[in-house]
Amino acid sequence: MRQTVMTIIAGVKPGHADELASVIKTIAANPAGNEDLPLAALPMLHFASLVLHDDPELGPRLVFETNSDGSAGDLVSALVATARSGVEAVFGHCVGYPADAGDRAVLSYLHGHVVRPGAYHIGATGRSLARVRQEGRLRDAIQGFLDAGHMAGTTPPTRAELRASIQAFVRDNPEFDWAETCPPRETMLERARYYARAVASLPAAILLLPAAPVALITLVVKELTDRPRTDAPDPAHVRALSDAEDFGVANHLASVIPVKPGPFRLTTLRVVLYALNLIARLRANKGELGGITSIHFAHWSVIDGGRRLLFLSNYDGSWESYLNDFIDKAAIGLTAVWSNTVGFPRTRFLVFRGARDGPRFKHWARANQTPTAAWYRAYDGLTMATIENNSAIREGLFGSLDDDGIRQWLQRF
Amino acid sequence: MAGIETTKVQGLLASAYGHMPHSAYLLLGVGDPAGARRWLGSIVADVTTAAGKQEVRPCLNVAFTWAGLRALGLGDDALRTFPRALQEGMVTEYRSRILGDTGDSAPSQWRWGGPHTDEVHVLLMVFARTEDGLERECQRHRAAFNAGGALHEVADSVLGGILDGGREHFGFADGISQPALRGCGNEPEGPAAQWAVVEPGEFVLGYRDNYGRPAEGPSVATGSDSTAVLPRLPRARQRSDLGRNGSYLVLRQLAQDVPAFHSFVAQAAGGNEVDPERRQRVAAELVGRWPSGAPLALTPDKDNPDLGRRNDFGYHQFDQDGIGCPLGAHIRRANPRDSSRKHPAETLRSVNNHRLLRRGRPYGLPIADPPRSPGEEETAERGLLFLCLNGDIERQFEFVQHTWLNNPEFAGLAGEVDPLLGDPGPGGGRFTEQREPVRRRLHGLSRFVAVKGGAYFFMPGIPALRYLAQLQTLAGPPPPRQRKEETWNSHSESRSPSRRFSSSGAPPSASNG
């Protein structure tokens, strides 16, 4: 099943930034049911955010992030169909927006401002919003069935008996008709496409190989002369960020960071993102990315003609725990990406040190974080790990399992 | 402790002073900065260090809140170099949210450290072998710091004791799992090391931490250190290291509702008629250890006092599913060790970046089982004076509290928090006991622990104490705030002697010495 991670980015009209900020503030109070922009009315939308980034050089920009089922066209069409006034209220403050024009002009404006990420990760790969919710309800219902103790008797049931009774309970409940016939997360065809892309990249990789020694020397020289900026960020800035965090189980993180000047760093960045994206497609389709199990949607986009790197993430747990995961589990990949941006902690050979320097990496990350102006989550209270477990419960409910398989399945409750 | 400068580190980092079962924790406010600095100068020589064991003479340690350092006269330029957690303190809306300080545990209800109580500046910790010795020592200190209105007590002191068998009030041996500092002489050897050994910088500022860099501490302008007691900071121009040999100290007074705990356990075990063994088993599952301290992961079926102090065990190999020690048991949340289906070694390594050096003690009279006189015993307050040391409060104490203990989705669980410390919310909490063939869930947990006070402190090294004591040589420390003076005056009248708690007869428990 197709899912789309993207942003719609537009420059804010001169003098409109404050007014736009106050519009977004109203949305932020109730993003699900805002009068103009009722995001919960979009049945394909998992997470969305609005970020206002006031760039010292490039001026204020609006970043509208969507993580949805279906294509970009599906999302944009639904947005205009159900929330045209909201689109107007927000993008009306942006440069070039066709005010008072027909829907077609608005659609084409939005499409024209869509930015596809250079690399992205989807935790619930192949699971639609409807399915995430259904699987949550299924798990709750089975838990309730187990709590009620229908199987309590003089002799405890065997594993197989217990599973059979759960199967009967689910089959008896018409609400769960879908459970037996649910499609797989990804079809063979979808998987094959990613492998084909990987194979197709090989010739390019081989062609680039002769340039590697020169690139390496250039890199090492740059690494020695780059200036890290890792002093502690302004406490008031960090406090404002953390004051908005840890309501519920998930959080949002946004940053827009200048790419180091010159073609070398930009090229390196694009190559790294391309490679990471392939790895994410091939390896990270089970709610886990490099050992991190807390990410719903995360993406990097090179924007502004290569001058800025945008990062957006919808993750579980605190900022502190997310950054610790970065440092402990994913430092190599993150360093390879972010070391191409200004001020990053000193690195060696692109992937070493950098994010491993925990305290300074955290300083750098907080200093570069942009406050999220409005954030929508279709499901709060469902962590990525829980979504994954719920899927595994559903996937193991029917079909044949050996005794050890049943044992493991029963331990998921 | 060979790996660190033992003569410059306060002794609490190296020892819990188990040989000194009587202790008092005095919470002080600065009345007169110059007088307070003079007092500090007068006790520096008495402050216990990590060098050698002080057998007879009472032990003494001292720590300061950020507000306390300011009140003492430390300049803004130095105050700004403290981590945000210290600057803001334990009481902010955000921190209350992540620490679970809500409802009856909200700071507005606290006895000290809250928004409606007097600012705490100094924590003075006194440890003695006998009750009389402690009494005498506290009298001596009170006379000294009260003199000339230099400092005053802002809350009743808390008396910490040691209960039989090193237990806490719910009846379980406590303080078993402690990290050991690499190169400091007390490391377990061989494979046992992996569970405990961390770099010294995890707890002692200025030394290499688990990330391989020196743990960042506060600094001062070198010019302000006229007698050069502080080491210079390498690679920083004209800065001296105020943090070196210091640590960040978290103090929380946690009242334990022992009757509520026992009655929940009895109900969960099947009503009042059940045999004590079943009750003990339910309680042990909530804790993760048996009363003796033996971990359920090693002896799931019955207590085994021979394993009482065992700390060299993991979960991945034999108990990944939580059949022995439930996934949500207190000790498994507080230290998940290698509990990971796919990446046990990596998990253990990163878990060890979130260790706490615990130095807390029980306070209040223990409840007898069965109760001696139910009414009276149940109303008396008892609990744990939780105290831990950190190199980074956000990465250690706050992380453990928020990401592990209070996390409703910890380890694949859903909608339950730490059974002992967590806030289960209005509807009552849930606890899952993993079983074969399928789990059993306990419902109706209440909040067994209420927070009564708390604050973040900086526990300086000895040279930093000397630096703080001689701050008066500086031009222009901020004058004492008038309001505080008034507060103090009104206090000294209404609150003398300021020992209600201790004189109302809470000797530090039936300690066994």
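**A helix and its surroundings**

Reply: This is a predicted model. In helix α12 of chain A, the buried residues are G358(A), R360(A), F361(A), K362(A), H363(A), W364(A), A365(A) and R366(A).

Me: How many of the residues of α12(A) is that?

Reply: Eight of the 10 residues in 358-367 are buried, so the helix is largely enclosed by the rest of the structure.

Me: What covers them?

Reply: The cover includes α8, β6, α10 and α11 of chain A, together with α14 of chain B.

Me: OK, chain B then. How many of its residues are in contact with chain A?

Reply: 37 residues of chain B are in contact with 40 residues of chain A. About 3,200 Å² is buried between the two chains, and carbon and sulfur atoms give 46% of that area.

Me: How many salt bridges are there between the two?

Reply: There are eight salt bridges between chain B and chain A. One of them joins the side chains of R441(B) and D147(A), at 2.7 Å from N to O.

Me: Which elements of chain B give two or more residues to that side?

Reply: They are α4, α5, α14 and β15 of chain B. The largest share, five residues, comes from α14(B). By class, the side of chain B that touches chain A has 11 nonpolar, 11 polar and 15 charged residues.

Me: New topic. Which side chains does R84(A) meet in salt bridges?

Reply: E88(A) is one partner, at 3.2 Å from N to O. D103(A) is another partner of R84(A), at 2.5 Å from N to O. That pair links distant parts of the chain, since D103(A) lies in helix α3 and R84(A) in helix α2, 19 residues apart.

Me: And R182(B) with E199(B), what ties together there?

Reply: Their side chains meet in a salt bridge at 2.7 Å, N to O. R182(B) is in the loop between β6 and α7 of chain B and E199(B) in the loop between β7 and β8, so the pair ties together parts 17 residues apart in sequence.

Me: Is E199(B) buried or exposed?

Reply: E199(B) counts as buried because its relative accessibility is 12%, under the 20% cut-off. R182(B) is at 42% and counts as partly exposed.

Me: Last one. Which residues of chain A are linked in a network of salt bridges?

Reply: The network links R127(A), R131(A), E135(A), R185(A), E388(A), R394(A) and E395(A). Over all chains, the structure holds 61 salt bridges.

Definitions and conventions: Residues numbered from 1 in each chain as written. Chains lettered and ligands numbered in written order. Predicted model: local features only at pLDDT ≥ 70, side-chain atom pairs only at ≥ 80, totals over all residues. Heavy atoms only, no water. Contact = heavy atoms within 4.5 Å. Buried area = accessible area lost by both parts, 1.4 Å probe. Salt bridge = Lys/Arg side-chain N within 4 Å of Asp/Glu carboxyl O. Helix = DSSP H or I, 4+ residues; strand = E, 2+ residues; numbered from the N terminus. Nonpolar A, V, L, I, M, F, W, Y, C, P; charged D, E, K, R; others polar. Buried < 20%, exposed > 50% of the residue type's maximum accessible area, 1.4 Å probe, protein only.
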